[in-house]
Protein chains: 2
Amino acid sequence: MRCRKCSAKAIIRLPRHNTAFCPPCFSEYVTDQVQRAIKGDRMFGHAEGVAVAVSGGKDSLVLWEILSRLGYRTLGLHIDLGIGEYSRISQRKVEVFASARNLPFVVHSLRENHGAGITEIAEGVHRPPCSACGVIKRYNMNVIALQHGMPVLATGHNLDDEASRLLGNVLHWQDDYLDKQSPVLPNSHPKLVRKVKPLYRLAEREIAAWAVLQKIDYIVDECPNSVGSKMFVYKDALNRLEDAAPGTKHQFYFQFLDRQKARAQVSPIEPDLRECVSCGQPSTAEICSYCKLVGTLQREAEPALKVLK
Amino acid sequence: MRCRKCSAKAIIRLPRHNTAFCPPCFSEYVTDQVQRAIKGDRMFGHAEGVAVAVSGGKDSLVLWEILSRLGYRTLGLHIDLGIGEYSRISQRKVEVFASARNLPFVVHSLRENHGAGITEIAEGVHRPPCSACGVIKRYNMNVIALQHGMPVLATGHNLDDEASRLLGNVLHWQDDYLDKQSPVLPNSHPKLVRKVKPLYRLAEREIAAWAVLQKIDYIVDECPNSVGSKMFVYKDALNRLEDAAPGTKHQFYFQFLDRQKARAQVSPIEPDLRECVSCGQPSTAEICSYCKLVGTLQREAEPALKVLK
């Protein structure tokens with residue numbers, strides 16, 4: 001197998017693009033796709049600071065690496081979820097990565113802020129862990145990024161993440177979620193960051209291959225709370241469809257984006273935001289999801305959590 | 001496992017409805033679902049004749065059986081595709097079924113009408129077999145049904161067929177096909193039958209179980225030309241999603257139908273039909289798909305087919 005660009009020995013085949021690359025040309029392809037996302041979708045410019053949500057997994061560390069190499073001013077944001085060994089290893093990967101490159105980062109610890117890890121918090125508020133985790137992460141990432149003067153928050157979501165999320169939304173015809181699924185969510189309120197997904201043009205296996213080639217040391221394990229997650233079922237279904245017809249994921253997600261763009265030109269979607277009466281952060285409800293969650297936690301679970309401490 | 005209706009020993013579990021049935025209650029459930037489709041979607045009444053497209057497979061024979069039992073006046077339409085042993089067995093199943101019940105049926109043979117079976121015809125017109133077969137079946141079923149005074153054509157498409165077709169249309173965002181995907185297609189022209197799918201509320205395994213319980217003898221083999229069909233890939237993906245979350249197929253298809261109904265009330269979709277200049281049948285183009293196919297066949301493939309005869 002030869003590289004389609006320079007004819008050197010190829011190390012990766014990309015069936016959906018009907019091509020194959022040697023290591024240098026593959027690396028160029030990966031960086032090009034990220035640049036194309038940033039510039040083509042007007043995600044951010046070099047004058048803006050970009051907060052990068054880093055879990056310690058391959059996607060977020062690859063994203064941070066590429067943004068740094070491209071000369072963007074970045075700040076790593078890591079949420080310590082307090083899930084025992086998994087969280088300790090995750091944070092260690094982030095610390096080693098950042099110190100080797102002299103990159104700044106902030107850690108927000110759930111145990112320090114709520115006296116408990118995400119598993120106990122989710123139990124305390126009677127919600128599935130991934131649901132509670134999503135609310136807490138979204139809220140804190142936004143607040144911390146803005147506190148550090150970063151108007152943009154970049155996450156490591158890749159093509160597989162976006163296509164499987166789209167499949168889940170389509171299987172349940174969730175119009176609200178479909179409307180909001182985009183690689184760029186503009187900041188619809190001064191207290192909100194712009195949210196961007198610069199890896200959305202790259203498949204999961206492309207990112208994993210690049211991480212290995214660049215010797216990026218990341219946590220391979222998935223979050224223990226994600227076992228049995230619907231997302232894995234959707235990814236598995238899409239992988240089977242992709243094997244049968246390479247390009248299925250790409251076509252499914254990119255054609256969806258084209259339709260969204262066409263629709264947005266006809267009737268742009270403006271969320272109806274006000275400020276949470278409890279914390280002042282933007283919300284569509286009187287009390288934001290985060291304050292509701294923390295309220296339930298304090299009301300119902302505090303005694304139990306204090307025992308846990 | 002007990003029947004949820006009468007507490008007798010259950011023989012089938014229906015996870016998507018969170019229930020289980022004994023043979024008589026299951027049979028009642030199956031018939032009820034078909035009646036609900038016919039009446040709820042205003043498919044046809046007892047005064048109208050219904051042509052039933054019968055391949056000899058489980059779905060079409062189950063459909064024919066239920067419509068006869070419910071007292072509808074039916075006419076079986078079988079297309080002999082001329083695929084060797086497969087077609088001979090299929091037709092034999094239809095003949096045995098019909099004569100045991102004294103039901104009328106018509107056979108349209110491709111070899112008699114075109115001098116060749118569907119495999120050679122598809123090769124002759126350089127099209128995939130399923131594509132050529134679809135054009136030929138749709139055209140002839142419509143013409144033959146109306147020739148016999150039947151204003152309605154019922155096909156055996158089940159929930160799995162419709163959900164997997166929907167998945168294929170959504171993966172490629174085929175708006176034209178999405179708009180037309182419905183269990184009832186009204187006749188938008190006097191020369192067109194109304195097309196209905198009375199089994200759309202029943203899953204494939206429910207129909208197969210009912211066929212076995214009623215001792216309906218059907219051809220189990222799939223059409224040899226359908227090997228590697230995308231439909232099987234979509235069905236497999238949906239079966240995996242269904243295993244992980246029972247009810248996924250049902251919800252996916254039924255919520256889609258609810259959306260279609262809501263949209264149709266806002267802007268009803270009227271096809272722009274004229275009559276084919278060659279055969280006079282309704283078509284969106286100057287020459288209909290069938291006449292184009294037959295034209296190519298006569299022009300390009302006739303000499304070869306004559307040799308085959």
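A nonpolar core is a set of buried Ala, Val, Leu, Ile, Met, Phe, Trp, Tyr and Cys residues joined through C-beta atoms within 7 Å. In the present structure, which is a predicted model, the largest such core has 114 residues. The residues with the most contacts inside this core are A:Val52 and B:Val52.

The surroundings of A:Val52 can be listed for chain A. Leaving aside residues up to four places away in sequence, A:Val52 touches A:Leu63, A:Trp64, A:Leu67, A:Leu77 and A:Ala154, together with A:Ser60, A:Thr74 and A:Gly76. Strand S3 of chain A covers residues 49-53, and strand S4 of chain A covers residues 73-80. The two strands pair in the parallel sense, over five bridges. Strand S4 of chain A is mostly covered, with six of its eight residues buried.

The chain as a whole was described next. Chain A contains twelve helices and ten strands. Its C-alpha atoms fill a box of roughly 65 × 50 × 40 Å along the principal axes. The radius of gyration of chain A is 20 Å, which agrees with the value near 19 Å that a compact globule of 309 residues would have. Of the 309 residues in chain A, 39% are buried. Among contacts in chain A with a separation of 6 or more, 67% are between residues 24 or more positions apart.

The contact between the two chains was then examined. Chain A contributes 16 residues to this contact, and chain B contributes 16 residues. On the side of chain A that touches chain B, the elements giving two or more residues are helix H7 (159-171), helix H10 (230-244) and helix H11 (248-266). The residues on this side of chain A comprise nine nonpolar, four polar and three charged.

The same surface serves both copies, since 100% of the contact residues of chain A recur in chain B.

Terms used:
Residues numbered from 1 in each chain as written. Chains lettered and ligands numbered in written order. Predicted model: local features only at pLDDT ≥ 70, side-chain atom pairs only at ≥ 80, totals over all residues. Helix = DSSP H or I, 4+ residues; strand = E, 2+ residues; numbered from the N terminus. Rg over C-alpha atoms; globule rule 2.2 N^0.38 Å. Buried ≥ 20, exposed ≤ 12 C-beta atoms within 10 Å, placed from the backbone. Contact = placed C-beta atoms within 7 Å. Nonpolar A, V, L, I, M, F, W, Y, C, P; charged D, E, K, R; others polar. Pairing = 2+ DSSP bridges.
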